[in-house]
Each structure stands twice: as C-alpha cells, then as structure tokens.
Amino acid sequence: MRKIKKRCCSFILGVAIATSMFQGTVYAAKDSSSGTTPSNIPINEVQGKVDSYMESYIGDSVSGAIVVAVKDNKVVLEKAYGDSNLENETPISLTDTTFELGSLTKMYTYTAVMQQVEAGTIDLQADIFTYLPEDFISKLKEKLISDKPITVMELINNTAGFEETGFDIAVSDTKSLDLTLKDALLTTMPAQIYDPGEVMTGSSYCSALAGYIIECVTGMEFSTYVQNNVFEKAGMTSTTMLANTKNVPAIDGKKAVPYGLGDGGEFRQVDYMYSNLYPSGAGVTNGDDFAKFLQSYVSTKEEKNALLKQDTIKKMFEKTYSINENARGQGIGFYEYPSDQITAYYHEGTSNGYSSMMTIMPEEEFGVGVLCNSSVSTEFMYGLMNLLLVNPEEKQTSGQQESLTTPSLDDFTNLSFTGSKRAYNNVLQFVGYFGNCSSFTKGDDNTIVLDNNKYKQVKPYVFEYAGTTNAETSNILTDTVAKNIYFGHNEKGEVTKWSYGCTGAGEFVADSSTSAQSNLTLSILVIMLAGLLCAIMFSTNLVITAIDLIHKKPILNTPRGAFRISTFLFVGLVLNSVTQITELLETTLLSSKDFYWNTMGNYGLSIAIILSLGYFMYCYAKEKPKAIKLVLYGMVYAFMSLYIYLLFIWKFFSFA
C-alpha cells in the first residue's frame, strides 16, 4: 500500500486549475427530482456535493478527473474536473479526453470471459489446458511446480501461483508492441511459485492469459473480440484495448497527459504506458464510454444491458476467494468494498500517471466511477466512494464478540512476511524482497502493531484497527482499506499469510526462509561496506599509482600492482551494480533490454576480478611479501568474493 500525501502547488498553478476545474458539463439523462444516493444525498444535490469534494483535491494532489454516478439505469452525474494538460491549461472533456485504465482493464476482460461462459464455450472450473494449444501448454509446463490443474477461475482470482516477473510487461514506447498476445505471453511467461488456489499473487499474467483463452475459443484476436462484443455492443466509441492507440483514430492524440507528484508536491509529467499483456492493463476510455460500462453493471433490466445477463452479473458479485472464512474477498473481477456499513463491490486500477476506480451497490442499483490523469492517493479515491456510498449517520458495525477463543498474539508476531506480488527468479527479487518485508510486533494493550497502527483481534484470525501507537486517530485509510487485517492459516492453525482482504495487490506470505532474511541483511551491510571500501581503495591506489609513476617503480608486475588492478575492477563492479539497483528502484516501466549492459558488466567485471586474483597469486609466488600484507590482501579478496556471491544469489547475473 502506498499513500501519497496532499501537498500544495504554486499559487499561479492553483488559480489556473481552479479556473478550469468546473468547465466540465453534466451529461445524459439525470433524474433531479427524486431519489438519493446510498449515502442519503438527494440526487439533485449530488453535483454540488461532488463539486465541493473535488475542490479540495483538484490542483493539489489531483491534476484532473472525471466522476460518473449511475442510478436506476440512468446517469445522474458525469462531470469533468481539472486539466488534461496543465502546461496548456486544457480542460478535460467528457468526449475528447481519454484515460488509461490500468488494472481496471481486467473488468472488461472478465466481462468478455463471462460472455463466453454464457455461450457455453468456457467453464470457469475447467483446467486451462482444455483451451490452450499444445505448443503453449508445452512451454507453460516447464514453468509449473504443481501437478494440480489451474482453473479459469483461478486465473480470474489471481491464485494460479505465478510470480510477477516485472520485466517487459509494460514499456514506455511503442517499438516493443509488435508481438501478438500469444507471443507476449510466451516471452513474459513467469514461473509458478505456489500451488494453484494457495496464494493470491495479483499477477498481471493471469488476466492476460484469460484473454488469450478468449482468442483460443473464439478464433479471433482478443482485441478484436472485445471491440466487437463489448465496446460496440455497449455503444462505446472511444474505448480500446490496443496497446498502440495510433491505430485507433477516435482515440489517438486524445489521451490526457499523465502526471505524478514530485518531491516538492509539484505535478510532473511521466511516461505513457504501453502494455504487452494488454488484457491486464492497456485499456483506454473516455468519460462517456466509462459511464456506459458502469451502467451495464447497474442495469437491472435485461433489455437495457447489452453485455451480460442479470444472473451472470449477480454471479460476478458472489465470493469466489478469501484469505479466511471471515475475511472480505473477491468475486469475479470485483472485490468486496471495505466498509462494514454497506455491501458494495469494486475494482481499481493504476498505470503510470493514471488512476481509476468503479464501485457497484447492486441492492441500491447505484454505481460510481472515477478516472484520473494522475497517480492519486488512497484518501482521494476512497473518500469519493464513501461520499456517495456510505451514510455517515449509520453506525459502523464491529466484528467484536463477547465470548471469543482466539489464537495467541505470539502466533502473529513471531513471523516475517514477504509480498506475494513480486519477482522470485530475476534481479527484481532483491528489490521486491527489500520493499515488501512486513512483520507485526506485540502492543502493550493486547494488540498487534504494523506501521504504528494497532489492531485488536475481534474474531479468530481477524483484527480490527484500534488506533495508532501514539493516539486514537482515524483517517480514510484506516476507516476503509486498512480497517481490518485478515490472516490465513493451515489445518494446524499456523499463520501462513495475511492481507487487508480487499485489494488485488496480492497477499503477504509468511517467509520461513531465514536464509533469505539473513542474506538481505547481509547484502545491505555488504553494499554499505563496499561503498566505503571502494572510496578508500580507489583514492589510496590512485595516489600510490601516481607516486610509483613519479619514482618509476613497477606498476603491474608485483603483488601490489595485481591488487591495484583488482581494486579498480571492484570499484567498477560496485558502481555498476549500485547503478543497476538505483535504476530498478526508480524505473516504473521495466524492459529487460535496458539492463542488458548492466548484466554484461557484472559478468565481465566479476570474471576480470577472478582473473586478477590469479594474477595476484602469480606475482605473490615470485615476490613473497610479508605475511601481514598477505593477510590484508586476503581479507579484501574475501570481501570481493562475498560481494560477487551476493550478486549471484540475488540474480544480478540474470538477463530477465
């Protein structure tokens, strides 16, 4: 989870955005005379309430957005706020501005899957091998660790057990987009890390593979299928799944500029994202089309819904997976909304500089969605949903019970966890492991603590937010997404994983590998020492080399000369690997080819260091310096060997 804090922009920029933020228009049939939102706002007051809410964010932490609300088969609000291009002060248009959907693209993919379920060509409980061609199956089998079949439902639930490789899934240019979906899946095929159904990993590969199954059963490219059977049927004229929108005249050139927030809180333009695994995250749409898609899941009359039958939509809201029986979970594409006050279902998405979210309350026949051209905060997204969905006058229910037998807190606090949505078999495992480690400590008031937030066990393996370690404070994060923490366990009752129970980002898995933890700690320590050692050795040997040159002493054919060579090579290796780590941490869209020369450098410099060690031993045999010098040389060479070993175990010699 990441939380972007609200920051202030400059006065001039704020005035410019404030001037443009209300230039959007309300769209479509609007019932302004009766009815309320689930949060009890009269329909004719919705626009004013949303306007006031958006005023606090537009120009501050949100560059621009479109908000859509649908009730009883009618669009009751569709309005644009802010700018699609801050530099040119171009207002967002409901019809002429498009947004990347990120992971919300998956909902369009799952809609297509459910159409084929209705047609009888796909069975959600069937083995995916039933639908895939033999050459694809042959390659996939090489990546599997389990004999247990993977079902279509497990692809949708992201529980097929695949790692998230990180490389070549999305790129920042269109030059790498000449692959078919099948070829892209073959090229980026991840290893299976868990048995099917065991862990929810949030894998981008799963939903892309579900899209490829559509290709296999229909005989047409997936992008063509969704164009003909989803977009056109729903009347969406400015929506595509083609990664390269240059081939779509109605969309090309209309994308809102994507923005992130700089360290000073200022908006900065970021790269557009182009996805090879396009059924997972390449969707692009505008406000009008998004309203139509949202409406298709709110509509209660068959003749009003061109996409799916009502029974199918109801089935999509039914829980298909959760970390434990008391936890919030997911249906077919939808996650149970994290509020004790309402029954709602949602999906959200992010890509580079874009954010999106849609939430449905079936019983109220109400839906709300938002598209943004900035990487916005959890506070903004869920705050908007709560404004229209949650009645503040209704009390939140607690899961606490009077008599309760719960596991000991020691069962939850003596473990280390790692995020399941990460790489396991390439260099990104180091970054993922370092960034996703989490552990709970025991509080002093019968609670467990994570990131200064306290949680009290209210049911077996279910914990509820109980304030911070400093004060009983509350915010949108702890009121919604992080209100509850759920733990998974095995048949013996041993904790195996945890999650917030309401997000597609994956679960945190109990890491029994103490060696991995030790290697991580050791690696960080070695990197720090390597930096210090390199600075000392480089400057010292530079001075000594200069002195030797002045006095015309031998530079190379002595133990000191051989060690000098090793020193300069090791400095190069450390600089190369640290640069690689920095790039991996800072680069959002990772392409394996961008790290080719880093990897080659690691190989070349490591081999050269080993050869220089051999040369040192040769020179030593001839000169035989004092034993104390040999000990010092030996310690440095041992450190160099340890550094190379750690690079090896963290896959710094892997090209993917």
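**Exercise 1. Aromatic pairs**

Task: State how many aromatic pairs a search of the whole structure finds, then classify the pair of Phe 317 and Phe 334.

Solution: 
- This is a predicted model. The search, run over the whole structure, gives 41 aromatic pairs.
- A ring pair is described by the distance of the centres and the angle of the planes.
- Now place the partners. Phe 317 belongs to helix H11 (residues 310-317), while Phe 334 sits in the loop between strand S11 (329-330) and strand S12 (335-336).
- They are 17 residues apart, and the pair links distant parts of the chain.
- Both Phe 317 and Phe 334 are buried.

**Exercise 2. A second pair**

Task: Classify the pair of Tyr 455 and Tyr 465, and decide whether Tyr 455 is buried or exposed.

Solution: 
- The ring centres of Tyr 455 and Tyr 465 lie 6.0 Å apart, with 70° between the planes.
- The pair is edge-to-face.
- Tyr 455 is in strand S19 (residues 453-459) and Tyr 465 in strand S20 (residues 462-468), ten residues apart.
- Buried means under 20% relative accessible area.
- Tyr 455 has a relative accessible area of 1%, so Tyr 455 is buried.
- Tyr 465 has 14%, so Tyr 465 is buried.

**Exercise 3. A ring cluster**

Task: Which residues do ring pairs link into a cluster with Trp 498?

Solution: 
- Ring pairs join Trp 498 to Phe 412, Phe 417, Phe 440, Tyr 461, Phe 463, Phe 487, Tyr 500 and Phe 508.

**Exercise 4. Helix packing**

Task: Describe how helix H2 (residues 46-55) packs with helix H12 (residues 378-389).

Solution: 
- Two packed helices are described by the angle and the distance between their axes.
- The axes of H2 and H12 come within 11 Å and cross at roughly 160°.
- Angles over 145 degrees count as roughly antiparallel. H2 and H12 are therefore roughly antiparallel to each other.
- The crossing of H2 past H12 is right-handed.
- H2 contributes Val 46, Lys 49, Val 50, Tyr 53 and Met 54 to the contact; H12 contributes Glu 379, Phe 380, Gly 383, Leu 384, Leu 387 and Leu 388.
- By class, the contact of H2 with H12 holds eight nonpolar, one polar and two charged residues.

**Exercise 5. The whole chain**

Solution:

Technical notes: Residues are numbered from 1 along each chain as its sequence is written. This is a predicted model: local features need pLDDT of at least 70, side-chain atom pairs count only at pLDDT 80 or more; totals for chains, interfaces and linings use all residues. Side-chain values use heavy atoms; hydrogens and water are left out. Axes are lines fitted to C-alpha atoms, for helices over the stretch in contact, and angles run from 0 to 180 degrees between N-to-C directions. Helices (H or I, at least four residues) and strands (E, at least two) are DSSP runs, numbered from the N terminus. Angles under 35 degrees count as roughly parallel, over 145 as roughly antiparallel, 65 to 115 as roughly perpendicular and the rest as oblique. A crossing is left-handed if the near helix is turned anticlockwise from the far one by less than a right angle, and right-handed if clockwise. Contact means heavy atoms within 4.5 Å. Ala, Val, Leu, Ile, Met, Phe, Trp, Tyr, Cys and Pro count as nonpolar, Asp, Glu, Lys and Arg as charged, and the others, Gly among them, as polar. Rings of Phe, Tyr and Trp (its six-membered ring) pair if their centres lie within 6.5 Å; planes under 30 degrees apart count as stacked, over 60 as edge-to-face and the rest as tilted. Buried means under 20% relative accessible area, exposed over 50%, partly exposed in between (1.4 Å probe, protein chains only).
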